[in-house]
Structures are given as structure tokens and as C-alpha cells.
Amino acid sequence: MKKILIGLVRGYQKFISPLTPPSCRYYPTCSNYMIQAVTVHGFFKGAVMGISRILRCHPFVHGGLDYVPTKFSLVRNRVDRVEPNYQDIMKRKHS
């Protein structure tokens, strides 16, 4: 399921996103956030986190840095000012 969701997001990035002007208010973009969240937290939690992020991305929000948190959360990540090392996190989960 993870690979299918990531494939759908990559398809969006390649075929649909170039047709529209850039509008994501966060870094990384919402589609990159979704891929990273699914990779780090698994299909269900990652999808929920990605959808939550998309719902937060609207004209009335300030935006800015919002990396995928190392622990499951549906709110903006205000703690990390640099991108966490997700490879280490994934290794710890599988150890």
C-alpha cells in the first residue's frame, strides 16, 4: 500500500503539479511531506499526517518550515529547525 500511495503522489508531482503555479506555503512541499511521512511512519499514519498537512496548507496560514516529526503528530512541527535524520529513525524502528 505504501508503494501505491507514494506512486500516486509521484504521479501528481510529475504530471499534475507542473500544470499549476506553485502554491504550497510550507517547506517541504505538501507532496514531499506526504511521501516522507508515509516512508517514516507507514501507510496509515503517514497518509493521515499528509492529509492533515494538506488541510493546513491554505491562504490564511503563515507557512514556513514544517518537517515530518519523528513521532506521529497531526499538528505543525515547530520543534525541528533542521531536517531530522529519518534514516536513523527508521533503523531504530526496525531494530
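Valine 82 sits in the loop between strand S2 (64-65) and helix H4 (86-93), where helices (H or I, at least four residues) and strands (E, at least two) are DSSP runs, numbered from the N terminus. This is a predicted model, in which local features need pLDDT of at least 70 and side-chain atom pairs count only at pLDDT 80 or more, while totals for chains, interfaces and linings use all residues. Residues are numbered from 1 along each chain as its sequence is written, and side-chain values use heavy atoms, with hydrogens and water left out.

**Exposed and buried residues**

- Valine 82 is exposed, with a relative accessible area of 61%; buried means under 20% relative accessible area, exposed over 50%, and partly exposed in between (1.4 Å probe, protein chains only).
- Between the C-alpha atoms of valine 82 and cysteine 24 there are 19 Å, and the two residues are 58 apart along the chain.
- Leucine 5 has its place in helix H1 and is buried, at a relative accessible area of 17%.

**The nonpolar surface patch**

- Met1, Ile4, Leu8, Phe43 and Phe44 make up a nonpolar patch on the surface, and together they have about 590 Å² of accessible area.
- Such patches take residues with over 30% relative accessible area and no salt bridge, joining like charges within 9 Å and nonpolar side chains (Val, Leu, Ile, Met, Phe, Trp, Tyr) within 5 Å.
- The areas come from the Shrake-Rupley method with a 1.4 Å probe, and for residues only the protein chains shown count as cover; a salt bridge is a side-chain nitrogen of Lys or Arg within 4 Å of a carboxyl oxygen of Asp or Glu.
- H1 and helix H3 (43-56) each supply at least two residues of this patch.
- Isoleucine 4 belongs to helix H1 and is exposed, with a relative accessible area of 55%.

**The largest pocket**

- The largest pocket holds about 370 Å³ of space.
- Its lining has 15 residues, and Tyr12, Ser17, Cys24, Cys30 and Ser31 are the closest to its centre.
- Helix H1 (2-16) and helix H2 (30-41) are the elements that give two or more residues to this lining.
- On a 1 Å grid over the protein atoms alone, a pocket is an open set of points with protein on both sides within 12 Å along at least five of seven lines, and lining residues have an atom within 4 Å of a point.
- Grid points are joined across faces, edges and corners, and a volume is the space filled by probe spheres set on the points.

**A cis peptide bond**

- Tyrosine 27 and proline 28 are joined by a cis peptide bond, with omega about -5 degrees.
- Proline 28 lies in the loop between strand S1 (26-27) and H2.

Conventions
1 Å grid on protein atoms, 1.4 Å probe; cavity = no way out; pocket = protein on both sides within 12 Å on 5 of 7 lines; lining within 4 Å.
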